Amino acid sequence: MAVRKVYRLINNERDCYDCDYTGNAEDLISPLNRLLTKTFLTKELLSKIDKELQYQPYQKFHLVMMFKPFRKGENIEDMYVTIEYDRNLTATSFVNYEQASSIIIRLVNEYLKELGYPVDSYNPNDFLDKLIEEHPDFEKYFEVETIE
């Protein structure tokens, strides 16, 4: 029999959105997304983004791991990496710089591919297995069950 893993989120790891919050918007980034950003939003990646955007300014953003479904204790059926502008966490209306956003998201995913992360896989386990293997700090956010 084939053995497979099932990943579940231990907690709801979504960013908080609070337009009444007067503190630093970065404080509203979920711990999981904060760790993802710290791990992968490197000087090398930012340099690629700057070059592709021809050194035009862009809003500060962080990386976001999106899951389907996104409920505590539910099996993760799908997963992808995207971005969120920090300012959106405290804004009354969202900022969407469509052209810059699509370029940044594309470059983030290309960078993850270069690092060997299967971002095109339809199985989130492929990405999560490699992530936890290479960066054990992520393990605390997931419950893993092995099913035969």
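This is a predicted model: local features need pLDDT of at least 70, side-chain atom pairs count only at pLDDT 80 or more; totals for chains, interfaces and linings use all residues.

Visitor: Which parts does the pair tie together?

Guide: Tyr7 lies in strand S1 (residues 4-9) and Phe142 in strand S4 (residues 142-147), so the pair links parts 135 residues apart in sequence. Tyr7 and Phe142 also form one aromatic cluster with Phe67.

Visitor: What about Tyr58 and Phe61: what is the angle between the planes?

Guide: It is 45°, with the centres 6.1 Å apart. The Tyr58 and Phe61 pair is tilted.

Visitor: Is Phe61 buried or exposed?

Guide: Phe61 is buried, at 4% relative accessible area. Tyr58 is partly exposed, at 26%.

Visitor: Now charges. Which ring does the charged end of Lys130 sit over?

Guide: The ring of Tyr117. The charged end of Lys130 is 5.2 Å from the centre of that ring.

Visitor: Switching to helices. At roughly what angle do the axes of H2 and H3 cross?

Guide: Roughly 140°. The axes of H2 (residues 43-52) and H3 (residues 98-114) come within 10 Å. That angle makes H2 oblique to H3.

Visitor: Left-handed or right-handed crossing?

Guide: H2 passes H3 in a right-handed crossing.

Visitor: And which residues in H2 and H3 meet?

Guide: On the H2 side, Glu44, Leu45, Lys48, Ile49 and Glu52. They meet H3 residues including Ile103, Arg106, Leu107 and Tyr111.

Key. Residues are numbered from 1 along each chain as its sequence is written. Side-chain values use heavy atoms; hydrogens and water are left out. Helices (H or I, at least four residues) and strands (E, at least two) are DSSP runs, numbered from the N terminus. Rings of Phe, Tyr and Trp (its six-membered ring) pair if their centres lie within 6.5 Å; planes under 30 degrees apart count as stacked, over 60 as edge-to-face and the rest as tilted. Buried means under 20% relative accessible area, exposed over 50%, partly exposed in between (1.4 Å probe, protein chains only). A charge sits over a ring if NZ of Lys or CZ of Arg is within 6 Å of the ring centre and within 35 degrees of the ring normal. Axes are lines fitted to C-alpha atoms, for helices over the stretch in contact, and angles run from 0 to 180 degrees between N-to-C directions. Angles under 35 degrees count as roughly parallel, over 145 as roughly antiparallel, 65 to 115 as roughly perpendicular and the rest as oblique. A crossing is left-handed if the near helix is turned anticlockwise from the far one by less than a right angle, and right-handed if clockwise. Contact means heavy atoms within 4.5 Å.
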